[in-house]
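Subject: Structure handover

Hello,

Here is the structure I promised to pass on. Please open it alongside this email and follow the notes below.

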Amino acid sequence: MPKPVSLKLCGEVAVIEVANPPVNALSVAVREGLLQAIEQAALDERVSAIVIYGAGRTFIAGADIKEFGQPPKEPMLPGLINKIEASEKPVVVALHGTVLGGGFELALGCHYRVAAPNTKLGLPEVTLGLLPGAGGTQRLPRLVSVEKTIAMITKGAPISADEALELGIIDKLEETDDMRAAGIAYAEELIAEGAKSRRTSELPCKAVEPELFDTARAKLAKSARGQIAPLKCMDAIQGAVELPFAEGLAQERALFRELLDSDQRSALIHAFFAERQVGKLPEIAGVNPREIAAVGVVGGGTMGAGITVSSLLSGLDVTLIERDAEAVDRAISTVSKLLQGAVKRGKLDQAAYDMILASKFRANHDYAALAHVDLAIEAVFESMEVKRDVFTKLDAICKPGAILASNTSYLDVDAIAAVTSRPEDVIGLHFFSPAHVMKLLEVVVGEKTAPDVTATGFALAKRMGKIAVRAGVCDGFIGNRILAHYRKAIDGAVLAGASPIEIDNALVAFGLAMGPFAVSDLAGLDIGWANRKRVAPDRDPREVYADFADKLCEQGHFGRKTGTGYYIHKDGKSEPNPEVLQLIEAERAEKGIQTREIDAQEIVDRYMAAMVNEAARIVEEGIALRPLDVDVTLLNGYGFPRWRGGPMQYADTVGPDKILKDIKKFAAEDDFLWQPAPLLEKLVTEGKTFASLNA
Ligand code: T1G
C-alpha cells in the first residue's frame, strides 16, 4: 500500500503531497505521514519554506469519518495542526476541490493559502452531529467576523473560493489545475520577500456584541430544534471570543468529545454512509444503464410537471403529453412557473431558462410525439385502469428499447407491465411531491424488469441529484406501505384517547417537521380516502378500522384545499377543527371504547413501534434490500428527523427489545394490528441490531 503522504524537495521548498483517494480523508496514516513530513522539513537546513497540497480531485475533505466510534489514535489532528502552525519556516497550503472539515482546519493552521477558483471551503461537521474539533472554531473567528463564523459552523454550508478570498481566509486564487506548481511558486515568492510564519492563532479574535450569542442561540433553538451539535458549536465559538487560544482549543476538544459520544452523531453519520451505500446493489453492479437523452412525460399535473422540471434541470430533453389542447396549455404554464422558481432560487440563469423553453421542452396531446423518447414516465391519475390504458398506448408508440416507467405511489407495477409487450422495459419511478425538490426516488423493480433498466433508474436519480432506493412490488412499496401502517397505529391512539392535535404536537416534539394530521391536511385528505376505499375490499375483518377519517371526507372536508380538515385553515392560520373531536367521540361511543390518558411518550412509542414493525416485515420480504434502505427512504421522502438516522437506526438506538416490548403492550388493545414481525423477534432473540443486516 503506497504511503499516503510524500515529501520532496524542490529547490528550497519542501513539497508535501497527500494522496489518499478518493477524498484525501485525514486517516491515521495520513496524519502520521504529515507529522513525519513536517518534522523532517523543519530539520532540513536546505528547506526555507513548506508547501502542502492534495493529489487527485480534491484537497483534504475532512477527517476520516469511518474512524469515528473507534478508539482515537495518535497523532490527533488538533496537535498535528498546532505543530504545522508552530513551524518557523513559512507553510503554504495549495487548495482545490472540496476543502472541508479537518481539511479546512488544517489549511487554517498553515500560514499562507492559495486556491484554485472553483474550490469550495466549509466546516460541515454540524451535519454529522459534530463541531470542527481541530481548531476551526478558534481560528476561523480570528480571520472572519464572529457572525460569519457562526453562520458557517452552525449551518455547515461551504463558501466559494471568491468569497474566501474576499473574507481574507485565502490569500490568492490561481487559475490552474496544477496546485502543486501554484503552491511552490507562492512559496518561492514568500522566500524572496523574506516572509515569516504567520500564525492565525496569534491573531486577536474579532470583536462582537455580547448579545450576539443569545440571539444566535434563540434562532438555533427554532431552526435546529432537538439537535445538540449546533448549540455546542455556539459554546465553542463563544470560547474563542472569551478565552485565550489554548483554553478555547481545550474547550473545543471537550465539546467535540461530548458530541462524538452522542446518539445524534452516530445517527447522522449512519445517514451519511447509508445514502452512499443505498445505491450499491449486487443486481446492477457492473451493469451499464441505458443512454437517456430524451424523456417523455405523460400527465402535466403536479407530479408530471415536477418530473418534467427535474428532468429539464438535469439537461434532458422533455416532451410532455396531456389529453387535450387546454390541458397542454395548463401544463406548459405550470412547467414555466416552476422553472421561473428555479431562476429565482438561483438554480438556473435566465439564458438557460430561455434555452430550455425554446429547445428542450415541448408539450403535445398526441402520443406520436413520444416515438423518439428513450424513457417515458407516466404520471396520470392513480387508477390501475387509467395507467393500463396509458401503457398500452406507450407500448404501441415508443421505440424498441425505450423504458416505460410509472410514477405510481402504490399500484402493482407487474400488473401495469403485463399490458405491454415489453415487461422487461417497465419499471416504477416513484417521485415525491414536489418532484423537482424532493430528493427521494423509489425505483420499483418489477418481476420482469431487466437489470439495465433498474441501473438506468439509479443513473437517472443521480443525474437529477436525487437518491434512489430500490423497492420491490407491493402495495405502497417501502415508504407509503409504512405510512399506511403507522397511520392505523395513530388512528388507534386517537380512538383510545389521544386527539389529532396531541398526536401532531407529540410527533413534532419528537422531531418531525409537521405532525401526520397536519401533513394529511396539506396533501389533501381525499388522497388517503381514495386509497382506503381502494384497499377496502381486501381489508381483513379483524382490523379495528377507524371511521372518523372517512366521515370527515364524506362531509367534504379535504384539508387545506377545502379550508377544513383536521384543522380549520383560515387567514394563514390553522386551528384544530372542533367538529373532528365530535366525530371521534361519537365513534368511541359507538365502539364502546373506554378512553384513557395517552401521553406524548406513548404516542411516540406507538408511532415508532408501528413504523419499525412494518419496516421489519418489508426487509424480511425483500421489498427493501436492507434496513438502511428504509432509513434512507424515511429520511429523504417523509421528513423523518435526520439526527435520529431513520426508523431502523432509531430502533437500534432504543434497542429492538424495547420496540418488541411496546408492540406486545399495545397488542393487549388490538392484537391484530400489533403482531410482532418475525424478523424483529429474531433480532431480539439473537441480541442483534438492524444494523447487523446492512452489510
Ligand atoms: N471520510 C471517509 N470517507 C469519506 C469522507 C470522509 N470524510 N468523505 C467522503 N468519503 C467517501 C464516501 O463515503 C464515498 O465512499 C467516497 O468517499 C466518495 O464520496 C476534525 C471531525 C467530499 C463533497 O463532512 O461531503 O473533519 O461510497 O460519494 O459526491 O473537525 O464526500 O465510494 O466507498 O460523497 O464527490 C468533515 C464529507 C468530516 C465531508 C465528495 N468532512 N464528504 O462528494 O463523493 S468530520 C465532511 C462529502 C471532520 C474535523 C471533523 C463528500 C464530498 P464510497 P461521495 P462526492
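What follows covers the ligand site, the cavity, the backbone geometry and a few single positions. Please keep in mind that this is a predicted model.

**Ligand site**

- Arg 276 places a polar side-chain atom 2.8 Å from an oxygen atom of the ligand.
- Gly 133 has a backbone N or O atom 2.9 Å from an oxygen atom of the ligand.
- Ala 61 has a polar backbone atom 2.9 Å from a nitrogen atom of the ligand.

How much of the ligand does the protein bury? Taken alone, the ligand exposes 1,000 Å², and 75% of that is buried by the protein.

Note Arg 276 in particular.

**Cavity**

A probe the size of a water molecule, rolled over the atoms, shows where empty space is left. The structure holds 1 cavity of 30 Å³ or more. The space in the largest cavity comes to about 40 Å³.

Its lining consists of Leu 375, Ile 403, Ile 427, Leu 429, Val 453, Thr 456, Gly 457 and Leu 460. Strand 15 (426–431) and helix 17 (451–463) are the elements that give two or more residues to this lining. Helix 17 gives the most, with 4 residues. By class, the lining has 6 nonpolar residues, 2 polar ones and no charged ones.

Two cis bonds to look at. Pro 22 lies in the loop between strand 2 (13–18) and helix 1 (28–43).

Another cis bond runs from Ser 433 to Pro 434, with omega near -5°. Pro 434 sits in the loop between strand 15 and strand 16 (440–444). Strand 15 has already come up, as a contributor to the cavity lining.

**Positive phi**

Two non-glycine residues come next. Phe 477 has a positive phi, near 55°. Its place is the loop between strand 17 (467–471) and helix 18 (479–496). Is Phe 477 buried or exposed? Phe 477 counts as buried, because its relative accessibility is 0% and the cut-off for buried is under 20%.

Asp 571 also has a positive phi, near 50°. This residue is in the loop between strand 18 (567–570) and strand 19 (573–576). Asp 571 counts as exposed, because its relative accessibility is 72% and the cut-off for exposed is over 50%.

**Single positions**

Ile 150 lies in helix 5 (residues 146–155). Its relative accessibility is 9%, so Ile 150 counts as buried. Ile 150 and Thr 456 are 306 residues apart in sequence, and their C-alpha atoms are 41 Å apart in space. Thr 456 is one of the residues that line the largest cavity.

Gly 622 is in the loop between helix 24 (600–620) and helix 25 (627–637). With a relative accessible area of 33%, Gly 622 is partly exposed. Gly 622 and Val 473 are 149 residues apart in sequence, yet 9.6 Å apart in space, C-alpha to C-alpha.

Gly 646 is in the loop between helix 25 and helix 26 (647–654). Its relative accessible area is 0%, so Gly 646 is buried. Gly 646 and Pro 627 are 19 residues apart along the chain, with 9.4 Å between their C-alpha atoms.

Best wishes

Definitions and conventions. Residues numbered from 1 in each chain as written. Predicted model: local features only at pLDDT ≥ 70, side-chain atom pairs only at ≥ 80, totals over all residues. Heavy atoms only, no water. Polar contact = N/O pair within 3.5 Å; in protein donor to acceptor, adjacent residues only side chain to side chain. Areas by Shrake-Rupley, 256 points an atom, 1.4 Å probe, with all protein chains shown as cover. 1 Å grid on protein atoms, 1.4 Å probe; cavity = no way out; pocket = protein on both sides within 12 Å on 5 of 7 lines; lining within 4 Å. Points joined across faces, edges and corners; volume = space filled by probe spheres on them. Nonpolar A, V, L, I, M, F, W, Y, C, P; charged D, E, K, R; others polar. Buried < 20%, exposed > 50% of the residue type's maximum accessible area, 1.4 Å probe, protein only.
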